[in-house]
Amino acid sequence: MRNSDHDSRAYDSAMKRIKHFRERELTRRQVLKASAATALGATLAAQFVPSEVHADVGGTIVHFASSGKRLANSLRAVKPLFDKVFPNVELEVVSKPMSEALTQINTYMRSKSDAFDVITQDHAQFAALDAMGALTDLGPYLEPFPDWLADYEQDVPEAYRHMWNLPKGPAPPGYIAALAPDGNAMMTFYRKDVFESAGIPVPETWDDVIDACKEIHDPANERYAYCAAMARNFWAGYQYYGSLRSMGGDVFVDEVAEDWTVAINTEEGYQALKVLVDLQKYAHPVSANAGEDEVNLVFAQGTALYSPLTWGTAVLNDPTYTDLHEHWHMDLSPRGTGEKGGHRALTGGFGQFMPTWGGNRETAFAWIKFLNSGDNEDLGGSSLIADAIVGAGGQLSRRSTLSRWSDRKPFFVGLMKAYPVCVVNAPVIPEAYAIMGAMGEEVADAVNEEQSIEDALAAMEKRTQRIMEDSGYV
Amino acid sequence: MSSVYTRAINILAVLVVVVWLIPVLWVALTSVKPTNVINAPTPTFYSFEPTGEHYVEIFDRFLFDRAILNSLITVGVSTLIVMILALPAAYAVARMGLMGGDTWALVILSLRFMPGVVVVLPYFKMANWFGLIDTQIVLIVVYVAFGLPFAVWILRGFLLDLPKEVEEAARLDGLGWLQIIFRLILPMAAPGIAVTAIFTFVFSWNEYLYALFLTYDKATTMPVALQKTIDLYNVLWGSLSAGAVIQLLPMIAVVFLLQRHIARGLALGAVK
Amino acid sequence: MTALTVEARPSRAAGPPRQGRPGAVARQQRRTAYLLLAPCVIVLLALAIFPLIFSGTLSFKVDPLYNPDVARFVGWRNYNDLFEDRRFWNSIELTVIWAVVVVSIQMVLGFFLAVLLDRKMQGAGLLRTLIIIPVFISPIAMGLTWRFIFEPVSGLANWILNTGFGLEKWTWLSHKDTALMTLMLVDCWQWTPFIALILLAGMQSISPEITEAARLDRVRGVTFYTRIVIPLIRPVIMVVILIRLVDSIRIFDLNFIMTKGGPGSSTLMASVYDYTIFEQGHLGLMAAYGFLILILINIVVLAFLNTLYRTEKAARAADQP
């Protein structure tokens with residue numbers, strides 16, 4: 001949808017540049033092996049010679065983020081670097097369990113909590129944050145740094161930057177709700193060794209997916225072809241939305257034109273659900289009720305071999321997580337064969353915003369900007385920032401840093417392939433999460449044969465309509 | 001009873017306990033396994049190199065030391081308050097011919113019936129007004145509120161079991177109510193009190209939802225810190241297990257101390 | 001036998017002497033009782049009133065967490081929506097089945113376990129400490145570990161069944177037909193020892209004179225427990241049943257962590273469903289559901305208490321000649 005040639009070209013040139021970074025291999029191996037986030041940060045900080053030191057900036061800032069490798073830990077890994085540039089800033093990273101953090105942030109923002117100066121939140125929640133009046137325009141803060149912004153904009157894919165287009169009237173020009181160092185996309189995850197020995201290519205269409213599953217499915221030896229996160233609520237919701245978009249369908253007739261007629265119960269909607277139900281024949285037993293953590297676990301164990309459409313994340317290329325880290329490769333998710341079908345990768349990820357009720361704006365902004373800096377030292381960046389994030393288990397949105405790491409992380413290769421065909425992972429309205437949850441409940445019931453596909457589609461449509469009516473769209 | 005029979009039962013008791021604890025042993029074993037061994041396709045029991053990295057990690061990355069301290073303070077203090085408030089209340093309900101005493105007891109209990117998620121939002125609002133978010137006080141207050149009803153009820157059950165003559169005698173000797181409760185009832189109902197204290201302690205020790213909502217990071221307790229080892233996309237099994245083992249240790253100590261009272265039984269003779 | 005029961009009875013709470021006392025003494029006693037009760041009740045009321053009012057109001061509103069602008073009163077709509085929702089009825093049904101089954105199993109097993117541990121052997125204290133470890137491990141850690149153990153292909157449970165006993169691997173948590181049963185298994189594993197501990201404490205508070213009398217009367221084995229122990233610790237048994245019933249109806253942690261209510265909606269019990277509704281941001285619906293659960297539990301508790309008081313009264317009447 002919001003594709004551009006620019007993204008494809010950037011990907012090609014990035015792949016060519018990989019060779020250039022070979023000499024850094026030793027350091028990067030060390031980075032990967034360093035386990036504790038703070039220890040890693042300290043190691044990197046020892047090598048770090050900042051081009052300028054801002055001793056004049058001071059104060060305390062509190063940054064709230066989900067716990068875990070990808071978010072809080074990567075922030076903590078960058079902190080020692082930041083401390084060197086801003087010696088007089090007191091930075092505190094507050095984290096909450098990942099599973100509850102997204103809802104927590106909404107709860108805090110609903111009660112106008114002033115406890116946080118910077119918050120990391122999932123893309124799909126930004127419209128809701130906007131509805132609560134929680135977002136601060138970063139545009140004015142970025143104005144003094146036109147070069148920095150230009151670099152950020154050409155490096156971070158368009159789909160990410162436009163993630164913050166908000167529904168309640170078009171955002172004013174230059175409006176930036178958040179910066180996003182973290183990127184993710186729904187992709188095909190496959191065991192390269194298995195597909196190669198079976199002599200089949202990575203499936204291109206959903207029909208190919210079924211064929212491939214037939215080929216590699218081997219339950220007698222406990223090697224199941226397929227696994228996906230079909231747990232009720234959001235997991236199954238995303239699974240279905242990814243499939244729906246690839247078929248060319250969407251929740252609404254035309255979101256951009258603000259035509260909010262619900263369009264789930266359509267041919268595309270049916271195909272999208274049918275393929276998920278059909279695939280259960282080849283599914284690993286956990287699939288019926290799995291969250292992504294369970295899917296990744298069976299991938300790590302090697303008992304499931306393939307998922308055409310999953311969030312997955314970089315963890316499957318983590319040598320401390322699985323012995324199969326070299327065999328897991330990522331590619332574009334399949335396309336629907338219908339008229340409107342195509343490769344569409346749901347883009348996820350987390351952006352950093354300054355809540356309306358937070359304090360210490362200049363300092364908070366300096367921290368966000370530092371986190372989102374690329375490798376270019378003339379612009380206040382450093383390659384060590386990305387190293388710290390990747391080493392701690394994070395994943396990146398900037399193409400330049402992705403490509404530098406992509407020979408070690410096939411996931412990053414997949415991510416760069418996905419960028420040109422990125423689509424937003426949910427309708428950009430505050431109701432997105434409620435709709436995703438409602439869809440996920442119906443999909444999970446259909447996949448587990450508690451209701452028919454037709455009933456599920458009808459129920460999804462009805463519930464989505466109700467949500468939209470309640471919010472006064474219709 | 002023949003000694004062979006007794007011994008057989010004893011062995012059975014040991015066996016039951018061991019089998020019952022297999023999952024716990026599995027947690028302990030997992031806590032010293034390297035992650036890629038944990039994520040291997042078949043269970044491994046001994047053929048791996050034990051590692052302490054998860055124990056380092058849980059303190060280093062998940063700030064477990066602070067969480068332990070918070071847990072001990074909030075849970076310890078709230079349990080103490082619960083016991084001090086509950087004992088007289090239970091005595092009043094069980095023994096003192098309270099008119100409508102049964103109804104009082106019902107009121108006390110019914111406040112705990114709501115699903116946590118419904119109660120937690122108003123509590124969050126209240127704590128926000130009073131500026132108590134992310135303090136140990138707010139958790140202590142909530143744990144007292146939620147520990148009290150059941151504590152009163154369990155204690156009532158045990159107090160009903162006690163013989164009444166001793167108290168009558170004490171009252172004739174001119175002892176006041178509080179003296180009777182804390183000097184007579186306390187030792188006599190020791191097993192019940194110990195069990196109630198354990199129950200109250202356990203409830204708060206494992207409580208997750210309120211701790212999650214009412215604290216940010218400073219006053220966070222162990223269950224929340226533990227949950228942080230769960231990433232959206234992978235569970236850090238090693239750290240999780242290490243945290244669970246650490247969380248277990250103070251509990252075992254508490255119970256080991258209290259179970260003497262459970263086992264001691266009623267020392268009627270000593271009181272008389 | 002008769003002689004013994006008569007001897008056992010007076011030592012149980014004979015109930016307050018309600019009649020035949022001078023009014024002044026009774027009034028005095030009642031006042032003291034209220035004084036003793038007061039701190040407890042004040043603390044609880046203070047903490048209960050606001051949440052009840054807040055949630056009560058909320059339950060008549062549409063109030064999306066994500067969009068405060070559209071919040072408004074809608075009358076009984078939320079309750080109506082719930083009554084028309086098949087998942088709601090399904091969740092109530094599952095919750096009731098759950099509570100009845102797990103509490104029954106736990107009480108029976110817990111009693112046997114208490115009897116098993118109620119012995120004077122060396123290391124009994126250690127055994128008693130070890131057996132209740134299951135309730136001490138955070139439900140989060142334990143729930144996840146059980147999920148790991150029940151992993152259908154690589155989990156420990158299937159490994160033991162398969163390698164040790166040559167049985168077929170079973171899908172446990174990931175199939176809608178077995179998921180609820182597996183959850184019940186874990187819940188019983190966790191709570192049975194604790195019930196055993198409470199019952200054990202009850203058994204230990206039985207006066208040694210009674211056990212001695214029973215020994216002299218050659219009452220032992222099953223008769224000893226059915227005729228002496230159970231009647232004597234009945235108040236404790238009743239309160240344990242009550243507490244477990246309430247907590248079972250409110251089951252959340254294990255359910256949420258191990259199955260999230262799935263596969264499909266096959267283990268979607270009340271509290272988890274309510275939490276799901278909260279996660280999706282429907283605050284009004286969430287509060288309405290909370291009140292319905294409150295009513296459900298109140299019905300159960302009232303019915304239960306009614307029986308409890310009636311039997312207690314009957315016992316007292318029988319005690320007093």
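Mentor: A residue is buried if 20 or more other C-beta atoms lie within 10 Å of its own, exposed if 12 or fewer, and partly exposed in between, with C-beta atoms placed from the backbone. Keep that count in mind. Residues are numbered from 1 along each chain as its sequence is written, while chains are lettered from A and ligands numbered from 1 in the order in which they are written.

Trainee: Start with a strand. In β10 of chain A, which residues point one way and which the other way?

Mentor: In a regular strand the side chains alternate between the two faces of the sheet. Take strand β10 of chain A, residues 328-331. Trp328(A) and Met330(A) point one way, His329(A) and Asp331(A) the other way. All are buried. Strands here are DSSP E runs of at least two residues, and helices are H or I runs of at least four, numbered from the N terminus.

Trainee: Which strand is joined to β10(A), and by how many bridges?

Mentor: Two strands pair if DSSP finds at least two bridges between them. Strand β5 of chain A, residues 187-191, is joined to β10(A) by four bridges. The two run antiparallel. Phe189(A) is the residue opposite Met330(A).

Trainee: Next, the open sheet of chain A. In what order do its strands lie?

Mentor: The order is β2-β1-β3-β12, four strands with mixed pairing. At the edges are β2 (89-96) and β12 (350-353), each pairing on one side only. Between β3(A) and β12(A) there are four bridges in the antiparallel sense. Ile119(A) has Phe353(A) of β12(A) as its bridge partner.

Trainee: Now the core. Which residues touch the most other members?

Mentor: A nonpolar core is a set of buried Ala, Val, Leu, Ile, Met, Phe, Trp, Tyr and Cys residues joined through C-beta atoms within 7 Å. The largest one holds 345 residues. Tyr226(A), Cys227(A), Ala86(B), Leu214(B) and Leu199(C) touch the most other members. Helix α8 (residues 136-161) of chain B supplies the largest share of this core, 19 residues.

Trainee: How many residues of chain B are in contact with chain C?

Mentor: The number is 93, and they meet 90 residues of chain C. Helix α14 (residues 237-264) gives the most to that side of chain B, with 14 residues.

Trainee: Where is confidence lowest in chain B?

Mentor: Helix α15 (residues 268-271) of chain B is lowest, at a mean of 32, and helix α2 (residues 22-30) is highest, at 91. Residues 264-272 of chain B have pLDDT below 50. That stretch still has 14 contacts in the model beyond near neighbours in sequence. Where pLDDT is low, the predicted coordinates should not be read in detail.

Trainee: What is the make-up of chain C in helices and strands?

Mentor: Chain C has 15 helices and two strands. Its C-alpha trace spans about 70 × 65 × 30 Å along the principal axes. Of its 321 residues, 49% count as buried. Among contacts between residues at least 6 apart in sequence, 71% join residues at least 24 apart.

Trainee: Backbone angles next. Where in chain C is Trp172(C) found, and why does it count as buried?

Mentor: Trp172(C) sits in the loop between α8 (156-165) and α9 (179-204) of chain C. Its phi is near 45°, a positive value in a residue other than glycine. Trp172(C) counts as buried because it has 24 C-beta neighbours inside 10 Å. Compare Lys112(A), in the loop between α5 (98-110) and β3 (118-122) of chain A. Phi of Lys112(A) is near 50°, again a positive value in a residue other than glycine. Lys112(A) has 13 C-beta neighbours inside 10 Å, so it counts as partly exposed.

Trainee: Which residues does the cis peptide bond in chain C join?

Mentor: Gly262(C) and Pro263(C), with omega about -5°. Pro263(C) lies in the loop between α13 (253-258) and α14 (270-279) of chain C.

How values were computed:
Predicted model: local features only at pLDDT ≥ 70, side-chain atom pairs only at ≥ 80, totals over all residues. Contact = placed C-beta atoms within 7 Å. pLDDT = per-residue confidence, 0-100.
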